[in-house]
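These are my notebook entries on one chain, set down in the order in which I looked things up. The structure is placed first for reference.

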Amino acid sequence: MSDIPERSLLPKMRLDELISELHVRLESALSTRDRVHSLLEAVLSIGSDLDLATVLRRLTEAAATLVDARYAGLGVLDDDGRFAEFIPVGLSSEQAEGMHVFPFGKGILAVPTRDRAALRLRDLADHPDFHGFPEGHPHMHSFLGVPVQVREEVFGNLYLTEKRNGGEFDEEDEAIVTALATAAGVAIENARLYEETRLRERWLAASTEITTRLLSGADSDEVLGYLAQQSREMSDADVAVVLLPEPRERDLIAEIADGPVADQIIGSPVTMSDTKCGWVYRNGAPATIDDLRQAKCPMLTHRGFGPGLLVPIGTPDHTRGVLLLGKMSPRSPFNEATRRMIDAFSAQAAVALELAEARRDAERLVVLEERDRIAKDLHDVVIQRLFASAMTLMSTVRLIGDGEAGGRVQRTIDDLDETIREIRSTVFALQLPSQPQQSSLRDRILTAAESAARSLGCQPGVRLEGSIDTSVPEEVGEQLLAVLGEALSNVARHADASEVHVSVQADDRLTLHVDDNGRGIPENGRRSGLRNLAERASSLGGEFSVDAPPAGGTGLRWSVPLRSRREGAARVPA
């Protein structure tokens, strides 16, 4: 009877074991179902967006969630097999700021790409390709790396580290992440094609805008500023700088900048010799810089910029300058696709600049030819007819018996002679090439006379004769303007005149006359100002005099030689 209870307990124990095993299997099935469900949701989430950055970020976050990893990262490969971009997940802002080195995809990070297979480790330090953590990088142990393939091409690697329960990644984790990476490949390919199309459209739109601005007469500096702005935005850079050569071509000067530190960069020089910027300018070829902090670029070295891209502005035979793009460290370097795009964009903009300048030169040539035609017509036709009319009147004066009528004809002859001189002065002005960057001496004389009108109380009359803009050296012109200013100032202070006449003539000598109808110069008055004018004339080998005309007022004459200076200049070989 004592054996009966023991025999009755055996079936009950086996039933408990079966139920427990069933429970475990049900939990495993439910867990697998939940993970598969989470995997499907992750795939749908990744494929629901066409923005490449969003797709990659969602893929990295989904992988970390599916395998319960504390840290995750996605390294995007460029054509050279290095990381063009790295997307970290799980790092705090303090940890991210403490990392000063961008992961280039070497060492253990390159193994999934090389083997085209997943790599699962209990501890990173056990692998022979592990070379330690860079400064500021958090320490990690468990590791799972899976290549992300788009068709037959490895797009990048997905990395998971530090499983939250303290264990290691198992086969099921590897299978889940591999399935996610495989499914995400199609979404990545679509997003990448969309990104390339969007950038190409923006590039074409920006190129069209540059051409439109140039053909509508926009300044080249404005166009270069637009080039810098668009290049910075298209390449996702933090700063863009347009470096143009100074006249001696020893340095490149930051003439235009776009970005948060633009105001602090403009005007900074970069030495042309023995620098990457100078190499790009001289050779007309683009170049990338891994770390601008090690480059000889003072304006960016101390500002925390890392990756750099240098692109020549212009054609290979005529480089106008260099476009410098920079990213803050430790951002990803510029990839080959970005370099090709910005290089093509810059070259297209440079061609547009060349065409616009050629068009402006052609328009300027048309204007100069028209001015030359007008000058020839005035000289060959108008002046000759006026001169013939004056000669006819001069021969007629002797035949006129009435003195008053003869006087009127003589005044008409004088007026014709004055008109001929003014037209000749205009002919000289028309034959002088236009200089938009600097006012001519003729214009500066007129400006000085107009500026003195308020203090004089009247508008001075101005007569200009001869090739003032072509035959007067710059230093002599400066002396003339100083004398004119002093003379008009003396008239305003002392003469109390109602009429002032200024005459400047340039032939063999440069002669200035300033006449007024004022009270004249008192015999015992101060003459220190006049002595200054006399000294200016004497220093140039000229003459200075002041007299009192019979009609009253004061007549000032200042004259210096010009012929010897022109002959000396003519002897200098071209």
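Entry 1, a surface patch. I looked for nonpolar surface and found a patch formed by Phe387, Met391 and Met394, with about 300 Å² of accessible area together. For patches I took residues with over 30% relative accessible area and no salt bridge, joining nonpolar side chains (Val, Leu, Ile, Met, Phe, Trp, Tyr) within 5 Å and like charges within 9 Å. A salt bridge here is a side-chain nitrogen of Lys or Arg within 4 Å of a carboxyl oxygen of Asp or Glu. Accessible areas come from the Shrake-Rupley method with a 1.4 Å probe, and for residues only the protein chains shown count as cover.

The model is predicted: local features need pLDDT of at least 70 and side-chain atom pairs pLDDT 80 or more, while totals for chains, interfaces and linings use all residues. Residues are numbered from 1 along each chain as its sequence is written, and side-chain values use heavy atoms, without hydrogens and water.

I placed methionine 391 in helix α10 (residues 336–397). Helices (H or I, at least four residues) and strands (E, at least two) are DSSP runs, numbered from the N terminus. Methionine 391 counts as partly exposed because its relative accessibility is 42%; buried means under 20%, exposed over 50%, and partly exposed lies in between.

Entry 2, the open sheet. I traced six strands in the order β8-β7-β6-β11-β10-β9, with antiparallel pairing. Two strands pair if DSSP finds at least two bridges between them. The edge strands, each pairing on one side only, are β8 (269–271) and β9 (287–289). Within the sheet, β6 (residues 239–245) and β11 (residues 318–328) pair over five bridges, and valine 241 has leucine 324 in β11 as its bridge partner.

I then checked what packs on this sheet. Helix α6 (residues 220–235) touches β6, β7 (251–258), β10 (305–315) and β11, and its direction makes about 70° with that of β7. Helix α10 touches β9, β10 and β11, at about 35° to β10. Contact means heavy atoms within 4.5 Å; axes are lines fitted to C-alpha atoms, for helices over the stretch in contact, with angles from 0 to 180 degrees between N-to-C directions.

How many residues of β5 (residues 153–163) are buried? I noted 10 of the 11, so the strand is largely enclosed by the rest of the structure. Strand β1 (residues 69–77) runs antiparallel to β5 over seven bridges, with glycine 75 opposite asparagine 157. Strand β4 (residues 143–150) is joined to β5 by eight bridges, also antiparallel, and leucine 144 is the bridge partner of leucine 160.

Key:
Buried < 20%, exposed > 50% of the residue type's maximum accessible area, 1.4 Å probe, protein only.
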